[in-house]
Amino acid sequence: MAENLEQILQNTPNIVEKLRNSQIGAYVYPVVAPEFSNWRNEQWAWQHSAVLFDQSHHMFDLYIKGPDALKLLSDTMVNSVKGWEVNKAKQYVPTTPYGHVIGDGIIFYLAENEFVYVGRAPAANWLMFQAEKGKYDVEIIDDPRSPSRPMGKPVSRISWRFQIQGPRAWDVIEKLNGATLEKLKFFNMSTMKIGNKTVRTLRHGMAGSPGLEIWGPYDEQEYVREQILKAGEEFGLIAVGSRAYPSNTLESGWIPSPLPPIYTGDKLKDYREWLGADSYEATGAIGGSFVGKSIDEYYLNPWELGYGPFVKFDHDFHGADALKDIDPSAQRKKVTLEWNADDMKTIMGSMFDPEGQQYKFFDLPLANYANSNYDSVVDADGNVIGLSMFTGYSYNEKKALSLATIDHEIPLGTEIHVLWGEEPNTRKTTVEPHKQLAVRAIVSPVPYSQMSRDTYQAGWRTTRSLETA
């Protein structure tokens, strides 16, 4: 029996076929109730009142402490550490030696020589591996995400993590604090009072308006939650469940789950030997209509995912030499695709037409059905011009939307097609027999939400797309 990813690959003739037929099922946002009211009202509230996001369970927390902690981060991320100091956070973007994005997350600079990474598993795994391989003088405590299916067993984490977001978020925050609170610069950290607790804060804006991410010891979460919900009543704050929560990125413009680009290349063999046979990378699933001839066709560089502005060559890092050879102006760009309403009615209507064509089920509000989603974006001649990677529905915009990376020369407003569904159908547990459909879509800005475009700091969510507007 294989003990690591490399051994699995040695016995896998076609890694694309293997991942496209993975039996792991859909990516789960665990523990948090699917809905506290209903997903429509919960989406509406993050644009019109205020919401409480519970992020305590679906992300990997990696605590890094020691004299080499900052060096480990600098050596593994495209970002510059110039000007980075305690009480500031960064979007962490690591690349392989070949220049492909492994994943991303947030790094919180907690104290001198002390950080925490919060995000999905691929970047956390890469950090742990590099810390071991490079013999960095660091202590690492890994706190993996909660089980996808706890099956009634108690769940505990080191920290709880909430966000208070929406246009009335700051009213809620200042009521909780009992006094006015300085609106720090984006991604700056501080503290605030909630009841008799003092909690750490990060100035954020996931829903497009000024808000905070807050965290503290896990055993205090229920007390803090009750205080927030009580204080938020007069401002229309509601809790958001795990069903609506991931769909907020359709409006704000972050692509969460590119495929980890680590399945090929001699320079990554030791990493594949380090990754267990039960790791995220070894068990993950690819969903969607795009079928690459090789797994390398799923790999993406920073510019294709909107991280181009982060790449700074003022330091040496894994992948720097490869990225220096890339012409940023020739790379695909991140956009939002606005799906045609009539074509969406065809998809949804097929469920009620027993004699007609059955199209791939489009779940609401998030239609993804694998860890990494890759639908082909094609032009009028059927040529693949990009990849649609995160798909769902916005009740606020009354639109089906997807986040995509497409050829750079295609202007906003262009009508293209997204191939929805798999042909031939894969054996994934999330795929039922269906017919593929070419859905019309309009190339649109990132972020799609007008509120987000008006309030987000210019940067990784906005730069590439809005330059072409």
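User: Why is phenylalanine 317 called buried in this model?

Analyst: Its relative accessible area is 5%, and buried means under 20% relative accessible area, exposed over 50% and partly exposed in between (1.4 Å probe, protein chains only), so phenylalanine 317 counts as buried. This is a predicted model, where local features need pLDDT of at least 70, side-chain atom pairs count only at pLDDT 80 or more, and totals for chains, interfaces and linings use all residues. Residues are numbered from 1 along each chain as its sequence is written, and side-chain values use heavy atoms, with hydrogens and water left out.

User: What makes phenylalanine 313 partly exposed?

Analyst: A relative accessibility of 40% places phenylalanine 313 in the partly exposed class.

User: How many aromatic pairs does a search of the whole structure find?

Analyst: The search finds 25 aromatic pairs. Rings of Phe, Tyr and Trp (its six-membered ring) pair if their centres lie within 6.5 Å; planes under 30 degrees apart count as stacked, over 60 as edge-to-face and the rest as tilted.

User: What makes the pair of phenylalanine 290 and tyrosine 298 edge-to-face?

Analyst: The planes are 70 degrees apart, with 5.1 Å centre to centre. Phenylalanine 290 is buried at 9% relative accessible area, and tyrosine 298 is buried at 0%.

User: Why is the pair of phenylalanine 313 and phenylalanine 317 called stacked?

Analyst: Its planes are 10 degrees apart and its centres 6.2 Å apart.

User: How do you know that arginine 120 lies over the face of tyrosine 27?

Analyst: Arginine 120 is at 3.9 Å from the ring centre; a charge sits over a ring if NZ of Lys or CZ of Arg is within 6 Å of the ring centre and within 35 degrees of the ring normal.
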